[in-house]
Amino acid sequence: MPGNSFGQVFRITTWGESHGPALGVVIDGCPPRIPLREEDIQVELDRRRPGKSLVESPRKEPDRVEILSGVFEGLTTGCPISLIIYNKDARPGAYDHLKDVFRPGHGDITYYRKYGHRDHRGGGRSSGRETAARVAAGAVAQKILDLSGIKVIAYTLALGGVRARRKDLSFIYQNPLFCPDPEALPAMEARVAEVRAQGDSIGGVVEIIAQGVPAGLGEPVFDKLDAELARALMSIGAIKGVEIGSGFAAAEMLGSEHNDPITPEGFRSNHAGGILAGISNGDEIICRVAVKPIPSIAQEQDTIDIHGTPRKITVGGRHDASAIPRIVPVCQAMVRLVLADHLLRQRAIEGWI
Ligand SMILES: Cc1cc2nc3c(=O)[nH]c(=O)nc-3n(C[C@H](O)[C@H](O)[C@H](O)COP(=O)(O)O)c2cc1C
Ligand SMILES: C=C(O[C@@H]1CC(C(=O)O)=C[C@@H](OP(=O)(O)O)[C@H]1O)C(=O)O
């Protein structure tokens, strides 16, 4: 199946299904002599794995990563890095009632119309479980970003209509929702509990920022940095919108308000979100994504089966009430992958490698 790879210089291919034996990623184009241990990757996977809090799918996946290739004596060799994560709590037989019927809001109907059959064991390849492989690859990408002092931080800006502000970035990993606002957290938790009790689901907004990105990343026309970030983030299931900098608010602003004045000390504001003409300007990069509510809900819904016959469906199974918070480390990983790829492209131009 084409479409499983991402990146130009730092390239990844993810593989595996939600209820197969394992999933993983092959990374090609990683420079040699970069320190890399399984623990560096594991810490990121632990933030994404299911079964940690009430908002999340109760599926118990330890998501232990094993490095199969491309690392020797703790350093990358320059050869393809292969990472594997075994599925430990798959229940392929538990989805037989979904074999011939399409879940509204999920990829069942489009996979069936494209391929003529589908893997009905959970989401199969369209399951958010695939994002474990992206997070693992993102941890490797961060190793490259570390060499240039680049930090990528992601957090929950809104959940089920409850908005947070970027108040305390040190608070993100102290709460299960990756909320940066201690005052907004209780209302978010209450909203999750309320929606879960109704057998329903919610979405929200994730913000991703990148600090320390040098000016000059991004290509002048099609592979503009903002275009690449939007593509990378939109490639995650459940994401329905991407904003860079002021985003959709720009449409309501005057030029005199939106332009970021340039001073000898730097830009006085950052409506650009750190990118001008597709090229990083040295300021903080700011992206936001809109996350839709989880499609698999416990309420009865109208659908059809593969013969086009109207059916009622109550999905059941082990599902998240919201893709937030688990999608937060996935967004962070995709931004890391884009920046590492573009850093290596730029360093290649400058003769670094
Ligand atoms: C981390 C993560 C977890 C998700 N968990 C679930 C889930 O438990 N149940 C579900 O139906 N969809 C879940 N989704 C969303 C579906 O995978 C997604 O809606 C589906 O692939 C259809 O793609 P689309 O929403 O981009 O159209 C999750 C997505 C992500 C990224
Ligand atoms: C297992 C994970 O999340 C899954 C994402 C998902 C979906 O449809 O996206 C549906 C559920 O799993 P299943 O494929 O068993 O129905 C979630 O539990 C994971 O992220 O590791």
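**Figure 1. The hairpin of β17 and β18, with G308 at a positive phi near 85 degrees.** This view comes from a predicted model, in which local features need pLDDT of at least 70, side-chain atom pairs count only at pLDDT 80 or more, and totals for chains, interfaces and linings use all residues. Residues are numbered from 1 along each chain as its sequence is written, while chains are lettered from A and ligands numbered from 1 in the order in which they are written. Five residues lie between the strands of the hairpin. Strands (E, at least two residues) and helices (H or I, at least four) are DSSP runs, numbered from the N terminus. β17 pairs with β18 (residues 310-313) in the antiparallel sense, over four bridges; two strands pair if DSSP finds at least two bridges between them. D302 has K312 in β18 as its bridge partner.

Figure 2. UniProt positions are given in the numbering used here, feature names are shortened, and annotations may be inferred rather than shown by experiment. S127 lies in the loop between α2 (108-115) and α3 (131-147). S127 counts as buried because it has 20 C-beta neighbours inside 10 Å; the cut-offs are 20 or more other C-beta atoms within 10 Å for buried, 12 or fewer for exposed, and partly exposed in between, with C-beta atoms placed from the backbone. P293, in the loop between β16 (285-291) and β17 (301-304), has 18 such neighbours and counts as partly exposed. Leaving aside neighbours within four places in sequence, P293 is in contact (C-beta atoms, placed from the backbone, within 7 Å) with S201, I202, G203 and S322.

**Figure 3. R48 in helix α1 (residues 38-48).** The unreviewed UniProt entry also places "binding site" at R48. R48 is buried, with 26 other C-beta atoms within 10 Å. Not counting residues up to four places away in sequence, R48 touches T131, A132, V135, R326, P329 and V330.

**Figure 4. The largest nonpolar core, of 88 residues.** A nonpolar core is a set of buried Ala, Val, Leu, Ile, Met, Phe, Trp, Tyr and Cys residues joined through C-beta atoms within 7 Å. A136, C331, V335, L337 and L339 touch the most other members. Helix α7 (residues 327-349) gives the most to this core, with 13 residues.

**Figure 5. Backbone features at P325, F178 and A277.** Most residues other than glycine have a negative phi, and most peptide bonds are trans. The peptide bond from I324 to P325 is cis, with omega near 15 degrees. F178 has a positive phi near 55 degrees and is buried, with 25 other C-beta atoms within 10 Å. Phi of A277 is also positive, near 55 degrees, but A277 is exposed, with 12 other C-beta atoms within 10 Å.

Terms used
Contact = placed C-beta atoms within 7 Å.
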